[in-house]
Amino acid sequence: MAKKGTSLVIVESPTKAKTIKKFLPKDFVVVASMGHIRDLPQTAADVPAKYKKEDWSRLGINVKKNFEPLYVVPKSKKKVVTSLKKLIKDAEIIYLATDEDREGESISWHLLELFNPKVPIKRMVFHEITKKAITDALEKVREVDQNLVKAQETRRIVDRLYGYTLSPLVWKKIAYGLSAGRVQSPGLKMIVEREKERMVFVKAGYWSIKADLDAKKKPLEARLTKVDGQRVAIGKDFDQLTGKLIKPKDVFLIDEKKAKDISSELKKGTWTVTSVDERDTYSNPAKPFITSSLQQEGNRKLGMSARETMRTAQKLYENGLITYMRTDSPNLSKEAINAARVCIEDLYGKEFLSEEVRQYKAKTKGAQEAHEAIRPSGSEFKHPDKAGLVGKEKALYELIWKRTMATQMAKAHKRSMSIKIENGKYNFTANGSRIIFPGFLRAYVEGSDDPDKALDDKEVILPELKAKDKLGLNEMLPNAHETKPPARFTEASIVQRLEKEGIGRPSTYASIISTVQDRGYVRKEGSQLIPTYTGIAVIQLLEDHFSDLVDYGYTSKLEESLDEIAEGKQDHIKYLKSFYLGKKGLKEVVDSKEKGIKPDLSRTLRLPQIKDVIDIKVGRYGPYIIQKIGDEEVHASIPEIVAPADLRPENIDELIELSKKGPEPIGVDPKTKENIYCLTGRYGAYVQLGEKTDDNPKPRRASVTAPLTPQTLTLQDALKLLELPRDLGNHPDTGKPVQANKGRFGPYIVHDGDFRNLKAALYDVYTIKLDEALAILSEPKVSSRGASIYKEFKRHTETNKKITIYDGKYGLFVKYGTKNIGITDDKRKPEVIDKWKQKDVEAYIKASGKA
């Protein structure tokens, strides 16, 4: 409780409040608003009674009254608002210290609008939480920037109008519950377009030849590059749409026969060095991190999602370790440059400093977030080993620290060597490089999505040779190759593309990627982002009827308009009227086209690799095939694990064949005398014992796993599959059963909710015995993410869910049922966790909001 006449500072989060408090006078009170305290209504129940009869109330925007938004306090923020109200009432002066971007400015504005304080209000901004930054911010206070507030409010209104106008249409024409979004849909379109490129891709085969040579008793590998002066064809010489050479007369294509014939001919010839070329190259370090490049490198180097990267960066910022993490600017302050150069000289030596100070400027038009790169905070950078961090926080901080160091380090000096070798009419090349002086490479090497490019910074040392030197042959190495389809997007590469096209802003990239997955439009397989059939249907509908709304140029121009509003160069009301009510505005376009959109056509996918006699549709229970045979139609479900680009005529024939046969038994179980069926579901083929009836709603089933297929499956195979799950016996400690089974991710044993993977090389799921299973269960559990059990508790007293504390890659966390709950830094220490009792862990779970 604050005393009368206090100085009140309001920030967004408790962590930020705790850190900033250390740098403020003792009589200052710092509190958190817990983010936004007001928003547009999310449900009809959120709309105040006096507005419920208004035709615009559900939208939350009074379009007829200059797009006036209806702001409400969500139920989850009622307690926070009540607490803030009391504190504001007793304050003598209020400092609004929310983040310095549009979102932060908006939070401050909402605090003013809701509470209307009668005391002086000061807006303090800073891009790092250090003593100097906070002291400077207190001395250089300003008013809330209304232009930034209008830009954020306009973005919120535009997003609401876009979603609430288009989403209901998508529900009607495809399926209930689907949605469209201003930046979400163009982002999804990129992923769908890449999948379609893979659909029309035609692979081509070609061969290459390498020679393992003896160069003065040292090995030398060289690649055939020319035959009779004609360049040897490689992957990039083929047309992706036809699989044929783009310029067949310009290249020499090697097939299997030629590869063998040439290899035989070369064994008889003489190998002579014709030239040795050396050249020096110098490379510069990558720019300091901005939001997009941090998300990309977090994904490439640490395997973190964009959302996880931003969440971790937020913690680092709020704990005063890095500068603000939502920024378009790679600029470094003089303080940062000096800190980096001092650090480099201490750690690496003066020779590793760049000759001149490097400074960077933003390329992105309308860069509108914080005005400095993401870097370690303060005038002295904390070394990662001395920052008191563990797990992912340390890994990300170290990445930022190293990248910042590298920006002020000397160029990397490399010497590349190219050796040309001749054998009759055949020309070979051996390429190598060595690092003369590593420079910035000592601290940081930028990641790449291209595996070949990633090898550029590796050394390949070649033997000392000169022209006319003779070489011996150890072995000829002919190799077969196939051209590869365009790579699917990863989180790193989609962020790169979104930035290039001007879709969204740094703060929205993570939410775009998360939203398309949460909506079921995209699924992640490894690092690949694969569109679902539903995702393709949504983009098909939007492109067919509202192509401008998912056009990259249109979306980018909208972002530029928001930038102009933020700069005070454009009136936000005029813009909203044009966007929604204009002749080509959203409302007019949707109203004029809605009746002409046929639901059946919207649910039918046009996949270029599929024949006209087959329809691919999306329905309530997933994607399915319709094949027209005369006047009849055969329907077959498409397993979700089959990516759209991987759906080929041969897959369809298999699915149709299974469906045409219907639930036709493949044999009879000799024990139960029930029929055994091979069926197809959402996750692929499976076998089923007996039929599904009211008396038997859950017949025994088992997945058909590789190398078995529905076509090769025999009755004996099916009987073996149906042996699972196997009851091995009861656990001696609990009396509960122990089972062995196979799942989507391989064989496993399970006891009382404790799942353990079985190593196929050591155990057979069909023969493993109880004592072997008990031995596995007695070992410390290691999860798929490498987390081991740190401490176990009894089941939750109210929910009966299992509670365990794990020690994972990023430190200790609570597993409550199926949910993982991170443990905050102040409680993550083993000496604290070791003292926890049942009531303590249950209280922590409740406080987390995930109970």
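Trainee: How many residues lie between β18 and β19 in the hairpin that they form?

Mentor: This is a predicted model. In general, strands of a sheet pair through backbone hydrogen bonds, either parallel or antiparallel. Here, two residues lie between β18 and β19 in their hairpin. Strand β18 covers residues 614-619 and strand β19 covers residues 622-629; the two pair in the antiparallel sense over six bridges.

Trainee: Which strand pairs with β19 over six bridges and covers residues 632-637?

Mentor: That is β20, and its pairing with β19 is antiparallel. Y624 stands opposite S637 in β20. β19 and β20 also form a hairpin with two residues between them, and G630 in the turn has a positive phi of about 65°.

Trainee: In what order do the strands of the open sheet with parallel pairing stand?

Mentor: Four strands form that sheet, in the order β2-β1-β5-β6. The edges are held by β2 (28-32) and β6 (121-123), each with a single partner strand, so one side of each is left without a neighbour in the sheet. From one strand to the next, the twist averages 25°. Within the sheet, β1 (residues 6-11) and β5 (residues 91-96) pair in the parallel sense over five bridges, and L8 stands opposite I94 in β5.

Trainee: Which strands does helix α1 touch as it packs on the sheet?

Mentor: Helix α1 (residues 14-21) touches β1 and β2, and its direction makes about 160° with that of β2. Helix α3 (residues 102-115) packs on the sheet as well, touching β1, β5 and β6; the direction of α3 makes about 175° with that of β6.

Trainee: Which strands form the open sheet with antiparallel pairing?

Mentor: There the order is β21-β22-β23-β24. β21 (667-668) and β24 (701-703) stand at the edges; each has a single partner strand, so one side of each is left without a neighbour in the sheet. Three bridges join β23 (residues 684-689) to β24, and these strands run antiparallel.

Trainee: At what angle do helices α16 and α17 pack?

Mentor: The angle between α16 (residues 552-566) and α17 (residues 572-581) is about 160°, with their axes 10 Å apart. Angles over 145 degrees count as roughly antiparallel, and therefore α16 is roughly antiparallel to α17. The crossing of the two helices is left-handed. On α16 the contact is made by Y554, L558, S561 and I565, and on α17 by H572, Y575 and F579.

Trainee: Which residues touch the most other members in the largest nonpolar core?

Mentor: In soluble globular proteins, nonpolar side chains tend to be buried together. In this model, the largest nonpolar core has 151 residues, and F126, L161 and I616 touch the most other members. Helix α5 (residues 146-173) gives the most to this core, with 10 residues. Apart from this core lies another, of 27 residues, among them V227, V232, I262 and L462.

Trainee: What does I616 touch, not counting residues up to four places away in sequence?

Mentor: The residues that I616 touches include Y533, R603, T604, L605, Y624, I638 and I652.

Key:
Residues numbered from 1 in each chain as written. Predicted model: local features only at pLDDT ≥ 70, side-chain atom pairs only at ≥ 80, totals over all residues. Heavy atoms only, no water. Core = buried A, V, L, I, M, F, W, Y, C linked by side-chain atoms within 4.5 Å. Buried < 20%, exposed > 50% of the residue type's maximum accessible area, 1.4 Å probe, protein only. Contact = heavy atoms within 4.5 Å. Pairing = 2+ DSSP bridges. Axes fitted to C-alpha atoms, helices over the stretch in contact; angles between N-to-C directions. Parallel < 35°, antiparallel > 145°, perpendicular 65-115°, else oblique. Left-handed = near helix turned anticlockwise from the far one by under 90°.
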